[in-house]
Amino acid sequence: MDCEEYAVLMLDAALGAPASGREAELRTHIPACAACRAAQQDAAALAAAVGGGVAAVVAGEPSPQFAARLRARIAAEPAPVAWPWFAGWRSSLGVAVAAAAAFLLLRMPHHAVPAPPNVPAASLSARAPDLPVTRTAPATVRRAIAREPHRARNGADASPFAHPEILVPKGQLALAVWLDDALTGRKLDGRQIAALDERVAAKLEVKAIEIAPLEVPSLASPGNASAAESVEQGRQ
Amino acid sequence: MDALVAGFPVAIASADAALAREFEARLADCPKLAYRVALGVLRNSAEAEDVAQEAMLRAFRNFHRLRDRERFRGWIARTAWRLALDRIRASGRRERRELAAHVDGAPPAVENVAASREIERHIHAALDALPEKLRLVMVLAAIEGYDTGEVAGLLEIPEGTVRSRLFHARKQMAESLKWIVKNTQS
């Protein structure tokens, strides 16, 4: 090894490099080599300049006004939230309650829901979004029930508003009847109701029923003359 | 700094007493740490104080979230570092400083080398030229009383990583500054 390599090793060692395993060799060489002794001094001076220079950068104390300024700023702050473990406990409690509710819902006994007539069970979820069915009566019906609460309390069939009329798209009547039976007869479990509720609520289309006045043709009109004659003949 | 600690019970009297005492305990040396870390980036006492104050305020606001209180000092150091970097980036002064400094290793005239202010400027430039990871380790290690184990604890990285980064940082700075040593010795 030549002196240049020794110089590199010495500088690395001065800068904190991990042991190279050649320290013994270096210790033997340096006393006998003036150039390496000078290089060692340079390395030490350079390492000191680097370390000392950075240390000088970060040396210093905050000013005497630092404490007063910080005190004033913190005094203007709202107090920190106490009991951090309580916040964590509250969130943990929320998770625990949700988990318990989900567990109870899954464990709740429910009746098997018969498949709707002419509707495959697998296609229910695909067709459900188009159902114009709601589990709550329209606002007009709710107002009518409020006006006549005694009728609503006398049973499901006591009030004509208990089963509001709904329009069902063509071809989905059987499915709507089945769904209504399942809902009113409590044959759906929580998960099925939730799934249907989401889908129905996502796309609810309720169309108003149009009621046109019945037009009765007048007997005195020319078009009804033959009919009037036949009535007269019958009397005779 | 004792005066600082003594003044806080009034400000946080309404908070939970135990939490307040914990925060007070950390105020004993954390403002100084934040100030020095910021100073290592900004080189300006007033600006470093602003950053240290902001770091301490953030610590106060988020103290309840720092579940592992042993990491509080590291959190303060890293926050002060980030705030200082943000400030210097926003002002664009770092670029101007780097342009002004001789980071290419070209030795200036001997008479300028003799001026300590010029040497200081080159040391600052060499420090600024370091990658952030190396620079942060270099600054923290230069703060009085911080060995590699404490720096590793502050940054939550292995001590071997700190030693390695420290060596590479010093090596890179030495390459930039070796002409200073040669000129000053000649």
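In which loop of chain B does B:Glu156 lie? In this predicted model, B:Glu156 is found in the loop between helix 10 and helix 11 (159-185) of chain B. Helices (H or I, at least four residues) and strands (E, at least two) are DSSP runs, numbered from the N terminus. Residues are numbered from 1 along each chain as its sequence is written, and chains are lettered from A and ligands numbered from 1 in the order in which they are written. Because the model is predicted, local features need pLDDT of at least 70 and side-chain atom pairs count only at pLDDT 80 or more, whereas totals for chains, interfaces and linings use all residues.

The phi of B:Glu156 is near 55°, a positive value in a residue other than glycine. B:Glu156 counts as exposed, with 10 C-beta neighbours inside 10 Å; a residue is exposed if 12 or fewer other C-beta atoms lie within 10 Å of its own, buried if 20 or more do, and partly exposed in between, with C-beta atoms placed from the backbone. A positive phi, of about 60°, also belongs to B:Arg43, which is not a glycine. B:Arg43 occupies the loop between helix 3 (30-42) and helix 4 (45-61) of chain B, and is buried, with 20 other C-beta atoms within 10 Å. Most residues other than glycine have a negative phi.

The model scores ipTM 0.74 and pTM 0.55. The mean pLDDT (the predictor's confidence in each residue, from 0 to 100) is 78 in chain B, where 72% of the residues reach 70 or more. Within chain B, helix 1 (residues 2-11) has the lowest confidence, at a mean of 48, and helix 9 the highest, at 93. Over residues 9-15 of chain B the pLDDT is below 50, and this stretch has 14 contacts in the model beyond near neighbours in sequence; two residues are in contact if their C-beta atoms, placed from the backbone, lie within 7 Å. Residues 99-106 of chain B also stay under 50, with twelve contacts beyond four places in sequence. Chain A averages a pLDDT of 67, and 42% of its residues score at least 70. In chain A, confidence is lowest in helix 6 (residues 124-127), at a mean of 45, and highest in helix 3 (residues 34-58), at 89. The pLDDT remains under 50 over residues 83-89 of chain A, for which the model has five contacts beyond four places in sequence, and over residues 119-135 of chain A, for which it has 32 such contacts.

Chain A contains eleven helices and zero strands, and chain B likewise has eleven helices and zero strands. Of the 236 residues of chain A, 14% count as buried, while buried residues make up 39% of the 186 residues in chain B. Among contacts between residues at least 6 apart in sequence, 71% in chain A join residues at least 24 apart; in chain B, residues 24 or more positions apart account for 63% of the contacts with a separation of 6 or more.

Helix 9 (residues 132-142) of chain B is mostly covered, nine of its eleven residues being buried. Among them are B:Arg135, B:Val137 and B:Met138. Not counting residues up to four places away in sequence, B:Met138 touches A:Val54, B:Leu127, B:Leu130, B:Leu166 and B:Ala169.

The axes of helix 5 (residues 72-91) and helix 10 (residues 148-155) of chain B come within 7 Å and cross at roughly 80°; axes are lines fitted to C-alpha atoms, for helices over the stretch in contact, and angles run from 0 to 180 degrees between N-to-C directions. These two helices are therefore roughly perpendicular to each other, a class that spans 65 to 115 degrees, with angles under 35 counted as roughly parallel, over 145 as roughly antiparallel and the rest as oblique. In this contact, B:Arg73, B:Gly74 and B:Ala77 of helix 5 meet B:Gly153, B:Leu154 and B:Leu155 of helix 10.
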